[in-house]
Amino acid sequence: MSLGTHHNGQGHPGPGAAEPLPAAAARIRQAVESVIEGKPEVVRMALTVLLAEGHLLIEDVPGVGKTMLAKALGKAVDCSVQRVQFTPDLLPGDITGVSVYHQETGEFEFNPGPVFANIVLGDEINRASPKTQSALLECMEEMQVSVDGTPRPLERPFMVVATQNPGDMEGTYPLPEAQRDRFMARIAVGYPTPQAELDMIDMHGADTPLDRIAPAASVADVRSMVQQVHTVHVAPGVRRYVVDLVAATRTSPALRLGASPRATLHLVRAARAYAALEGRGYVVPDDVQALAVPVLAHRLLLAPEARVERRTSEQVVAELVARLPIPSPR
């Protein structure tokens with residue numbers, strides 16, 4: 001089964017039919033990759049998280065294009081993008097918005113914060129205090145913001161793309177486990193190849209590449225793609241494989257904190273989107289394996305012995321994937 005639609009004789013979607021997801025996704029990827037040179041897997045993961053209705057954490061050193069990736073994704077899907085620069089003096093109301101009292105009318109008027117956008121870019125999220133970081137928790141999980149006791153829904157699609165510097169850099173606060181768990185996946189952009197860096201010099205020399213991105217899809221297109229992702233089938237054997245993999249993180253002697261039930265749901269949702277991008281209407285174990293590290297590793301805490309051995313959570317997840325028997329894809 002593939003994700004497609006009925007076409008007329010000229011090869012275009014018929015009246016009232018949605019465009020096949022792979023074709024629309026390919027245009028978005030092409031638009032983003034025109035700015036993010038030499039990182040197709042990074043772009044693919046960002047699009048996977050968007051279509052899975054998740055949130056993305058990008059951890060890397062400054063200057064490798066984390067912010068550019070989020071802005072390029074927003075321009076490619078022609079949706080609203082708001083950027084929040086996290087600093088130690090940032091307050092929760094600076095993110096969610098505040099109610100302001102007007103003496104003339106004697107009433108409070110709500111001034112929405114930057115979180116009321118389709119894509120919210122939180123730059124250097126771990127430079128703010130834990131109290132401010134927690135202001136994102138409700139909107140990431142419940143798609144709403146409560147100010148002065150009034151819940152205010154957020155528009156779909158809604159995606160937080162947060163960047164953070166490595167924890168050993170100056171002026172950073174570690175993200176609490178509850179917040180890390182709300183990010184569907186964590187990726188690193190990494191340094192470009194020498195050729196990509198040469199191309200970047202030419203591309204960025206005269207103007208900003210973002211100015212050249214033409215929207216490749218609309219907000220309505222993205223909503224339609226998300227609905228198509230919901231129809232992707234996950235066979236019982238693959239579901240059991242996901243549950244067994246997450247359960248293995250909870251019993252591994254290398255970990256003192258395993259993955260949560262939310263991680264199980266995120267892995268299934270991400271696998272559906274990953275399969276849909278391939279044009280498949282069903283998930284195979286390879287999809288789960290490809291996503292296991294980015295979806296699970298950032299939620300885990302290493303045991304002291306593993307830290308002494310200088311192991312990483314990514315290595316532990318990869319070892320668990322290699323050990324776990326692969327089920328039938330059907």
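Residues are classed here by relative accessible area, with buried meaning under 20%, exposed over 50% and partly exposed in between, for a 1.4 Å probe and protein chains only. The model is predicted, so local features need pLDDT of at least 70 and side-chain atom pairs count only at pLDDT 80 or more, whereas totals for chains, interfaces and linings use all residues. Residues are numbered from 1 along each chain as its sequence is written, and side-chain values use heavy atoms, with hydrogens and water left out.

Thr249 counts as buried because its relative accessibility is 1%. This residue lies in helix H10; helices (H or I, at least four residues) and strands (E, at least two) are DSSP runs, numbered from the N terminus. Contact means heavy atoms within 4.5 Å. With residues up to four places away in sequence not counted, Thr249 touches Leu255, Gly258, Ala259, Leu300 and Leu320. A polar atom of the Thr249 side chain lies 2.9 Å from the backbone nitrogen of Ala259. Ala248 is also placed in helix H10, which spans residues 236-251. The relative accessible area of Ala248 is 17%, so Ala248 is buried. Between the C-alpha atoms of Ala248 and Leu324 the distance in space is 8.7 Å, and the two residues are 76 apart in sequence.

The structure contains 2 aromatic pairs. Rings of Phe, Tyr and Trp (its six-membered ring) pair if their centres lie within 6.5 Å; planes under 30 degrees apart count as stacked, over 60 as edge-to-face and the rest as tilted. The pair of Tyr101 and Phe108 is tilted, because the ring planes stand at 55°, with the centres 5.1 Å apart. Phe110 and Phe116 form an edge-to-face pair, with 5.7 Å centre to centre and 70° between the planes. As for accessibility, Tyr101 is partly exposed at 44%, and Phe108 is exposed with a relative accessible area of 60%. Phe110 counts as buried at 16% relative accessibility, while Phe116, at 27%, is partly exposed.

Charged side chains were also examined against aromatic rings. A charge sits over a ring if NZ of Lys or CZ of Arg is within 6 Å of the ring centre and within 35 degrees of the ring normal. Arg152 lies over the face of Phe110, 4.0 Å from the ring centre. Phe110 thus takes part both in the pair with Phe116 and in the arrangement with Arg152. The charged end of Arg280 sits over the ring of Tyr282, at 5.8 Å from the centre of that ring.

Most residues other than glycine have a negative phi, and most peptide bonds are trans. The bond that joins Arg156 and Pro157 is a cis peptide bond, with omega about -5°. Pro157 is located in the loop between strand S7 (150-153) and strand S8 (159-164). Glu53, which is not a glycine, has a positive phi of about 60°. This residue is in the loop between helix H2 (40-51) and strand S1 (56-59), and Glu53 counts as partly exposed at 29% relative accessibility. Asp78, likewise a residue other than glycine, has a positive phi near 55°. The loop holding Asp78 runs between helix H3 (66-76) and strand S2 (81-85). With a relative accessible area of 48%, Asp78 is partly exposed.

Conventions:
Polar contact = N/O pair within 3.5 Å; in protein donor to acceptor, adjacent residues only side chain to side chain.
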